[in-house]
Every structure is written in structure tokens, then in C-alpha cells.
Amino acid sequence: MLTPMLDEEYRPDQITEYGTAAQDAAVQRMRPHLRLTRIGVAVAAVAVLFDVVALATFPIFAGLGPTRAWVITALVAGVLLLAIAGFQLVCWQLAFAEWRSGPDRDLNRLALISYLAHWVSYLVVLLALFAAMAASRESGWSSTSAVFTALGLAFAIGGQVLAGVQYLRTAGPPGTIPAHMRRLIERERVRARRGSRPT
């Protein structure tokens, strides 16, 4: 028995075109994701502030005391994570503008750079982790600087998780119209197969 052809059965390229045309629905589905990325950038910015305070309160002793190299490295890692999170936010905002019938941009190229940046964010957060541990050891685990270094690390990880790893997908985040339509079509195919089985 032939499987019935569904009215909703579009080719994948047609689904993408439909998703691009249905701007309002795509934008509505994307809005919470964009908000989360903005929160991630704010969290990463707070991490940099904590790292600056950790550097300012780092104890300096006469002679061969602890050096500021590790606390400076932690600050640099925090700034890099903020830059990556900010870049991801800019990518999403540009895509958001295009999906709202704004000017056309090369989202594929932007998505590739965004994807590479999200991998770099993992390396930077590892650097931040090692630098924070070394800086805390250098300043003394119970020092004020160590406390702010730990807070900076916690917020840097939060910024990375909320924004740094949120690379741009040209079809939008999960749940946008092309992905949603593919799931609906697959569900209908399964339902049609079940209905065509002999009882």
C-alpha cells in the first residue's frame, strides 16, 4: 500500500524559505534566547569587575613576594570571555534584525565565525580556571583578592555558559519555524505509517 502524500510535506529548501518569510513567529521563538545571551554578557561584565577588584586588592610585599602575573592572566581571560560573549550577542542581534525583515547579511559566514568563537570560549574559560587557582594560591587562599578572584571565575563561567557558547545558527535557535516544521512533518509521517498498517 502506498504511503499517503501529506499536504504539509515540503522539500527542506522550501521549509527554509518558509521559515525566513514567517518573520514574526521566528522572532517570537527567538526572543527568550536573545534575552538569555544578553544576561550572559552582563554576567561576563560583572566577572571582569570582580577581576579588577581582585587585582587592586592583590597583596604586595617587599622583596620577593607574590607576583601579579596570575591575577592579571585571570583578568585578561575574563576580558576575552566578555569579548566572546559580546560577539555572540552582536551575531544574534544582526540575525534577529534580518529575520525581522531588516537588511540582508551573510549569516552563513557570521555563523562560522560565531561557531569558532564558541570553541575558543572553552579554552579561555580553562585559562581563567587555572589562572584563578594560581592567583588565589599566590595571594593566599583566604585573602580578599582570592575571594574576588573566585567570584570573577564563577561569573566568567556563567557568562560563558549563558552567552559564550551560544553560537549563531542560521536557521535560528532550536524551535524556530524550519526546525519546528521538520518535526511536525516527521510526526505526521509516523502517524501516517501507523494508520496504513493492517490491523
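Start by selecting residues 107–139, helix H4, together with H5. The two pack at an angle of about 170°, with their axes 9 Å apart. Anything over 145 degrees counts as roughly antiparallel, so that is how H4 and H5 run relative to each other. Bear in mind as you look around that this is a predicted model.

Now show side chains along that contact. On the H4 side, pick out His-118, Ser-121, Tyr-122, Val-125, Ala-128, Leu-129, Ala-132, Ala-135, Ser-136 and Ser-139. They meet Ser-145, Ala-146, Thr-149, Leu-153, Ile-157, Gln-160 and Gly-164 in H5.

The crossing of H3 and H5 is left-handed.

For the contact itself, select Val-71, Leu-81, Ile-84, Ala-85 and Gln-88 in H3. Their partners in H5 are Ser-145, Thr-149, Ala-156, Gly-159, Gln-160, Ala-163 and Gly-164. The contact of H3 with H5 splits into six nonpolar and six polar residues, with no charged ones.

The crossing of H3 and H4 is left-handed. Which classes make up the contact of H3 with H4? Here you'll find 25 nonpolar residues, five polar and two charged.

Time for some rings. The model has five aromatic pairs. One to zoom in on is Phe-50 with Phe-148, a tilted pair with 6.0 Å centre to centre and 35° between the planes. Phe-50 sits in helix H2 (residues 23–56) and Phe-148 in helix H5, so the pair ties together parts that are 98 residues apart in sequence.

The chain has a mean of 79, and 72% of its residues reach 70 or more. Which element has the lowest mean pLDDT, and which the highest? Helix H1 (residues 12–21) has the lowest, at 47, while H5 has the highest, at 93. Select residues 1–21 and you'll see pLDDT stay under 50 throughout; the model has 22 contacts beyond four places in sequence for this stretch. Then try residues 174–178, where pLDDT is also below 50 and the model has 17 contacts beyond near neighbours in sequence.

Terms used. Residues numbered from 1 in each chain as written. Predicted model: local features only at pLDDT ≥ 70, side-chain atom pairs only at ≥ 80, totals over all residues. Heavy atoms only, no water. Left-handed = near helix turned anticlockwise from the far one by under 90°. Helix = DSSP H or I, 4+ residues; strand = E, 2+ residues; numbered from the N terminus. Contact = heavy atoms within 4.5 Å. Nonpolar A, V, L, I, M, F, W, Y, C, P; charged D, E, K, R; others polar. pLDDT = per-residue confidence, 0-100. Phe/Tyr/Trp six-rings, centres within 6.5 Å; stacked < 30°, edge-to-face > 60°. Axes fitted to C-alpha atoms, helices over the stretch in contact; angles between N-to-C directions. Parallel < 35°, antiparallel > 145°, perpendicular 65-115°, else oblique.
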